[in-house]
Amino acid sequence: MISVLILTKNEEQDLPGALASVSFSDDIHVLDSFSTDGSVALAQSFGAHVTQRPFDSYAKHRNFGFTLPFKHPWLLILDADERVTPSLATELQQVSASAPAEIAGFRLRRRDFFFGTWLKHAQISPFYIRLVRPELSRYTREINEVLEVDGAVADLTQPLDHFPFSKGITHWVAKHNVYSTLEAQLIHSQQGLTNPSLRTALRDPDFHTRRLHQKALFYRLPGRPILKWAYMVFARRAFLDGSAGLTYATLQSFYEYLIVLKTKELRLASPPKQSRPID
């Protein structure tokens, strides 16, 4: 069997669907950041174990989740706006029962939906590690965090469905306004990868390592918002997803523009470094 971890903060709209999609598990945990809506009561009504903890940062909060008393050796990590498809539920149970000891995690493909359309082409990073041995797992990076596992990672074939616009475009924009502030702070403080490699960005066998180097190189390019839109529309062929794909590419370009502006704002607000006189 598999344990499940879902993080919540005022998720009474999406949480019932997420919980229903993992009804195959007899050990569901909800890590709640002191919701003020009905999230906790909903989780308890589904028989989930609820733990509350103040949110401090994405990586720290998620890493705390790994310390919860799970019943089973394998843990599925889920967000409230995600749904485990029936075919994925079957596959999860099969691989968790037969995985060799050297496998520490499984990567799956997530399908993002917008206006009822699967963003098959527009979605930039569809592959995520979500089934792990918790004692071998940890999150790094404070925003758009990366899950690292100590061991081999295998691939699943069945999809996980994601509905990032389930609460509307206003909510998506508000959330990415916060994300862009955190991204700008990381860039400004140079907490990201300082020596990215083009070779690693293109050829490393691990998807997340490639993404880490790609993002660090991307942040050094001029005109990033326009480049991101062009990449999504033409290189990834977001236009094949119709108006949903084009709209999503535009929203992502807007998000990138916010990062650029906020990074510039932080740079201008910082006092210039004082040079020391030479004796």
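Select Phe55, in the loop between strand S3 (49–52) and helix H3 (58–65). Helices (H or I, at least four residues) and strands (E, at least two) are DSSP runs, numbered from the N terminus. This is a predicted model, in which local features need pLDDT of at least 70, side-chain atom pairs count only at pLDDT 80 or more, and totals for chains, interfaces and linings use all residues. Residues are numbered from 1 along each chain as its sequence is written, and side-chain values use heavy atoms, with hydrogens and water left out.

Asp32 and Phe55 are 23 residues apart in sequence, and their C-alpha atoms are 8.6 Å apart in space. Leaving out residues up to four places away in sequence, Phe55 touches Ser33 and His61, where contact means heavy atoms within 4.5 Å.

Select His61 next. His61 is in helix H3 and counts as buried because its relative accessibility is 1%. Which residues does His61 touch, not counting residues up to four places away in sequence? They are Leu7, Leu31, Ser33, Arg53, Pro54, Phe55 and Asp56.

Move on to Ala122, in the loop between strand S7 (117–118) and strand S8 (127–132). With a relative accessible area of 0%, Ala122 is buried. Show Ala249 as well: Ala122 and Ala249 are 127 residues apart along the chain, yet 6.7 Å separates their C-alpha atoms. Apart from neighbours within four places in sequence, Ala122 is in contact with Met232, Ala238, Asp241, Gly245 and Tyr248.

Colour the buried residues of H8, which are Arg224, Pro225, Lys228, Met232 and Val233. They lie on the same side of H8, because they cover an arc of only 155 degrees around the axis; the arc is that of the directions from the helix axis to the C-beta atoms. On the other side of H8, the residues Ile226, Phe234 and Ala235 are exposed. Just after H8, look at Arg237, which takes a positive phi of about 60 degrees.

Return to Phe234, which is in helix H8 (residues 224–235). Phe234 counts as exposed because its relative accessibility is 55%.

Finally, clear the selection and view the whole protein. There are nine helices and twelve strands. The protein is as compact as a globular protein of 279 residues, because its radius of gyration is 20 Å, close to the 19 Å of the globule rule. That radius is taken over C-alpha atoms, and the rule is 2.2 Å times the number of residues to the power 0.38. Of the 279 residues, 47% count as buried.

Technical notes
Buried means under 20% relative accessible area, exposed over 50%, partly exposed in between (1.4 Å probe, protein chains only).
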